[in-house]
Every structure is written in C-alpha cells, then in structure tokens.
Amino acid sequence: MMDSKDLEAEIHPLKNENRKVQEHLGNPAGKETSVKPPPQSRLSRCRMVAFFLSLFICLFVVFVVSFIIPCPDRPASQGVWRIDYEAAVAYDFLATEDVNKDRIQDVLFLYKNTNSSRSNFSLSCADEGFSSPCTFVAAVSGANGTVLWERPVAQNRALVECGVPQLRGSGASSACIILGRPGPFIAVDSVTGETLWSHPSSFGGNVSVLSPLLQVPDIDADGVPDLLVLTQEENQVNGYVYSGSTGQQVGPPGSLGVDGTSGSILYVTSAGAHYVLIPCGTSFCSHSVKGLYEKATGRDSSLKSDPLWEGRLNATSHRLQEHSSGAVRYLMNVPGKVGEDLLLVSAEACVLLDGQELVPRWTLGAAQVLRKPILGYYKPDTPAMVIENGTGSERQILLLDLSSGAVLWSQALPGLPRDPRSASLPTADHRSAFFFWGLHELAGANQTEPGSAGHRLYMFHPTLPRVLLELANISTPIVTFQVVLLEPSRHAAYILLTGPASPDPPGLVSVAKHKVRDLIPSSKVVRLAEGGPDSDQAVRDRFSRLRYRNEA
C-alpha cells in the first residue's frame with residue numbers, strides 16, 4: 001500500500017515542492033544537509049510505461065499504413081482517347097455509367113455497322129436475327145477508351161434507357177432497355193452486355209413509338225421500376241406498361257384519350273401522384289399513371305391521384321388551358337420554390353408554370369427557341385437556365401434566373417447548322433461551368449454565313465462574365481455531345497460522337513473523349529468587352545483551378 005506522504009506528493013506536487021524549499025531555507029548558513037531524492041512512486045512508473053506503450057502502438061500503426069498496406073490502385077486515365085468505326089452510321093444517343101466498376105464513368109453509345117469491329121466480340125447481326133448492317137450498342141472505358149462490350153440490338157434506330165435498376169440477386173445491378181424501331185424489346189446487363197430478357201415487338205407497322213421511354217413507379221410490385229412506352233396510332237396516344245425486371249407487358253394497352261407528340265415527361269405533384277405529360281398543341285395533356293394502370297388491368301392500384309391538380313385540367317381532353325403562343329416543342333421539370341415547376345418551350349415563347357397551381361410565373365416572349373434549354377447555376381445555389389434564342393447569325397445565348405425569368409447574362413454567338421446544344425457542369429463554388437457551340441468571329445462582323453468554318457466549343461464561368469475560352473474547333477459532323485464528370489471533383493471531360501447520321505452513304509464514326517483541364521493551356525481567350533485586369537494566361541489559370549462536383 002502506498003505511503004501517505006507519497007500519496008500526498010502525487011496529489012499536491014506543488015505543495016510538496018514548496019515544503020522542500022522552506023525546509024532548505026530554514027537550514028543555518030554554512031551547514032549542508034544531505035537530502036536523498038524520494039523514491040519514484042509505482043503510479044509514476046505505470047504512467048511512464050503506458051505513455052511509451054501507446055506511443056509505440058501509434059508509430060507502429062503509422063508505419064503499417066504508410067509502408068506495408070498498399071494504396072488502392074487508381075486506374076490510369078488518359079486525357080484523350082478516340083475509337084473509330086469504318087463505314088458506319090452514328091445515332092443520337094450517349095450515356096455514362098460505371099460499367100467496369102473502376103470508379104470512373106464509362107460511355108455507352110449506338111452505331112450502325114456491318115458487324116462488330118472488334119474481333120473479341122463475336123456476336124454478329126445474323127446471330128441476333130438481324131440483317132446486315134444493324135445497330136449495335138457499345139460500352140467503352142471512360143479511362144482509356146477500351147471497348148468493354150458491344151452487341152447488336154436492333155435493325156435500325158432504337159430508343160434506349162440505361163441505368164434501369166434490377167432485382168437484387170438477379171446478377172445485374174442495372175440494365176439498358178432497348179426498343180428497336182423496328183426490332184425487339186430487350187434488356188442487357190450494363191456490366192457484361194448479356195441479354196437479361198428479350199421479347200418481340202408487339203407494335204403494328206402503322207404505329208409510331210413516341211420518345212422517350214419513361215420509368216414509372218413499380219406497378220407490378222416486383223421491386224423494380226416499370227417502363228411506359230407511348231405510341232401514336234392515328235390521332236390517339238396509347239400507353240403500354242412493361243415490367244422492368246422481366247419485360248412482360250402488364251395488362252393490355254390503355255388509351256390516354258389525347259393526341260400528342262414525342263417529348264413526354266413524368267411529373268410528380270406535391271401530393272405524390274404521378275402524371276404523364278405530353279406536348280399537345282399549344283399546351284400539354286396529362287394522364288395519371290394510376291388511372292392508366294387501372295384502366296388497362298381493371299384492378300385497383302396503390303399509386304396516388306391528385307384531384308386538386310386534375311381539377312385544373314379539362315376533364316374531357318385532360319388538357320391544360322392554353323398558356324403558350326405556338327406549338328409546344330419541349331416540356332421540362334425544373335426546380336421550384338415548393339417541389340417542381342413546369343417549363344413550356346414553344347418556337348415563340350418560354351413559359352414557366354407553377355407546378356401546383358399551373359399558372360404562369362413568368363413568360364419570355366418574342367423568342368425563337370429551337371433547342372431544349374439546359375439548367376445550371378449562375379449565382380451560387382440559384383438555379384438558372386440557358387436558352388439559345390434564334391438561329392444562324394442571329395443566335396444569342398441567354399442565361400435566365402429561373403425564379404424570375406430575368407436575364408443574368410447574354411451574348412451574341414452565331415451558330416452553325418447541326419451545332420450540338422449547350423451543356424453545363426456544376427462547380428465546387430456552387431455555380432456552373434457552361435459550354436456553348438458557335439462561331440464568335442461572326443458576331444458583329446459583316447459576314448452572314450459561316451462558310452466552311454468548323455464547330456467551335458466555348459467555355460464560360462460566371463466569375464469571368466466578360467471572357468469565353470475557345471477549347472476546340474471540330475470540322476467533322478457532330479451527332480451528339482456531352483460534358484460529364486467522369487470522376488468526382490477531378491475529371492471533367494467532354495464526349496463527342498461524330499460521323500454521318502444517315503446511311504446514305506455511311507462513313508467514319510468516331511467516339512472521342514477530351515479532358516477539359518488538358519485543353520485549357522492551349523485554349524484561345526475570347527474577350528467579350530474591352531479591358532479587364534487579367535492577362536490571357538491569368539484567365540487560363542483561373543479556369544484550370546476550377547473544381548467540379550456531382551449534382552446533389
């Protein structure tokens with residue numbers, strides 16, 4: 001048991017030292033007293049052992065983590081890659097998904113060719129029952145352009161929806177659903193390209209399939225979202241519901257009781273009810289997914305309806321009263337103050353409707369909008385919208401505040417025939433980088449026609465409103481284009497699909513990736529106004545320092 005003096009010394013070390021000093025001062029001068037140091041207590045020794053033991057353990061862990069355990073391999077990612085297909089035709093479809101699970105998004109696309117151009121993929125058009133040439137879907141590595149898989153899926157054009165989740169235990173996490181026009185209705189594993197299910201097309205020759213394929217809530221209760229295919233038969237739109245896990249049709253087709261065109265969307269009201277919205281004339285027509293299912297099967301559905309929302313539509317035609325001047329070209333779900341709002345885009349105006357009251361929030365009139373707008377952020381966390389107003393030498397880029405319709409930024413940027421539409425990518429400062437195609441040299445010049453000029457890609461960021469960065473000049477026909485974040489926060493790139501879009505005649509089809517950051521050092525700085533404190537190199541440096549983020 002510890003001596004009482006030792007215990008007191010441990011508890012009150014300062015008091016013990018003071019006592020020793022007083023004892024020393026109390027000794028008469030000239031007399032020396034031999035004082036033996038007190039023996040070290042057992043508690044102090046235990047503390048010392050514990051300290052050095054914990055220090056040794058920490059150093060050992062640091063050593064093991066730093067030098068013994070290997071860091072996970074990061075796949076080498078090339079800044080540029082390109083794949084060519086001879087005597088082929090390109091279709092307007094691009095999608096990204098992490099196919100090979102290397103944490104880098106991969107690229108899926110469609111092309112038409114006689115047979116697969118890669119000898120290690122042996123499936124031919126004849127193997128899948130198609131005549132040659134036929135349409136292939138291919139998946140290539142976003143890191144280096146290696147073909148991961150490709151296979152024939154249709155005779156000609158096809159509607160494609162990728163990223164459709166599959167049942168756990170089915171062996172596939174997601175699928176690409178392909179509906180040939182004409183051709184079978186099939187699902188392929190996004191990772192391997194193998195067939196998950198396939199059914200012959202049930203549509204007659206006089207039936208037009210309306211794009212796109214829509215994912216709807218799980219109607220048949222198998223745990224996988226189902227698919228809605230809309231068709232135009234004479235002046236009537238019909239809906240076909242298919243199981244997302246098996247491809248089997250769920251009940252007979254149901255009539256939506258409306259006449260419409262391609263460009264339908266799925267809208268969810270504040271009450272959680274799902275509605276299919278279809279452009280029809282100068283407005284849109286609507287039909288509930290619940291009503292469509294119940295009409296087709298004769299059974300009750302657990303899906304919701306929204307009587308208040310439906311009450312704002314015509315009960316007979318399922319149509320909203322006219323809000324747009326000119327035929328509606330595009331319908332879009334856009335972020336609103338509460339839930340989502342609806343954007344109606346016609347050739348002459350853009351109208352933003354309150355998603356619940358279905359009344360206009362704002363209208364942009366006297367517009368000639370022939371492209372579907374894109375969304376982004378001009379101010380931090382404040383949604384904005386890019387509109388391409390006009391065509392040819394009269395084209396302007398408008399950035400609008402989505403909540404008010406106010407113009408935040410505008411720039412004349414003449415366009416070329418078949419220029420791809422604009423794109424945006426969120427940045428770490430909660431704004432967006434915007435990408436426009438055009439020909440700035442024609443703005444303000446006496447030229448009225450671009451002649452043989454190539455397609456030029458410009459980059460814009462709201463923190464530099466008086467500057468564009470010219471990244472690329474493409475002379476070949478562009479079929480489709482996307483700007484994507486291949487790796488979180490670090491790997492922004494644009495994907496370009498070029499080549500003939502018609503088989504008369506076929507030609508060279510190319511799929512290429514260009515890393516945005518690698519293009520900036522050789523880019524051309526285009527100043528939209530005189531002056532500016534930054535040099536061209538300082539502007540490039542600011543663009544190079546941009547960091548990107550995934551959309552929440």
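1. Cysteine 58 has 49% relative accessibility and therefore counts as partly exposed. In this note, buried denotes under 20% relative accessible area, exposed over 50%, and partly exposed the range in between, computed with a 1.4 Å probe on protein chains only. Cysteine 350, by contrast, counts as buried because its relative accessibility is 0%.

2. The model is predicted: local features need pLDDT of at least 70, side-chain atom pairs count only at pLDDT 80 or more, and totals for chains, interfaces and linings use all residues. Residues are numbered from 1 along each chain as its sequence is written, and side-chain values use heavy atoms, with hydrogens and water left out.

3. Three disulfides are present in the structure, a disulfide being a pair of cysteine sulfur atoms within 2.5 Å. With bonded cysteines counted along the chain, the pattern is 1-2, 3-4, 5-6.

4. Cysteine 125 is joined to cysteine 134 with an S to S distance of 2.1 Å. This link of cysteine 125 and cysteine 134 is left-handed, with -90° about the S-S bond. Both cysteine 125 and cysteine 134 are buried.

5. Cysteine 162 and cysteine 176 are joined by a disulfide, S to S 2.0 Å. Cysteine 162 belongs to strand 5 (residues 157-165) and cysteine 176 to strand 6 (residues 174-181), so the pair ties together parts that are 14 residues apart in sequence. Helices (H or I, at least four residues) and strands (E, at least two) are here DSSP runs, numbered from the N terminus. The torsion about the S-S bond of cysteine 162 and cysteine 176 is about 110°, so this disulfide is right-handed. Cysteine 162 and cysteine 176 are both buried.

6. In the disulfide of cysteine 280 and cysteine 285, the sulfur atoms are 2.0 Å apart. This disulfide is right-handed because the torsion about the S-S bond of cysteine 280 and cysteine 285 is about 105°. Cysteine 280 counts as buried because its relative accessibility is 3%; cysteine 285 counts as buried because its value is 4%.

7. Strand 7 (residues 185-189) and strand 8 (residues 195-199) run antiparallel and are joined by four bridges; two strands are taken to pair if DSSP finds at least two bridges between them. Isoleucine 186 has serine 198 in strand 8 as its bridge partner. The two strands form a hairpin with five residues between them, and glycine 193 in the turn has a positive phi of about 80°.

8. Four strands make up an open sheet in the order 9-10-11-12, with antiparallel pairing. Its edge strands are strand 9 (208-216) and strand 12 (254-255), each of which pairs on one side only. Strand 11 (residues 236-242) pairs with strand 12 in the antiparallel sense over two bridges. Opposite serine 255 in strand 12 stands asparagine 238.

9. Which residues of helix 4 (residues 289-297) are buried? Val289, Lys290, Leu292, Tyr293, Ala296 and Thr297 are buried there. They cover an arc of only 165° around the axis, which puts them on the same side of helix 4; the arc is that of the directions from the helix axis to the C-beta atoms. Glycine 298 follows helix 4 and has a positive phi, near 75°.
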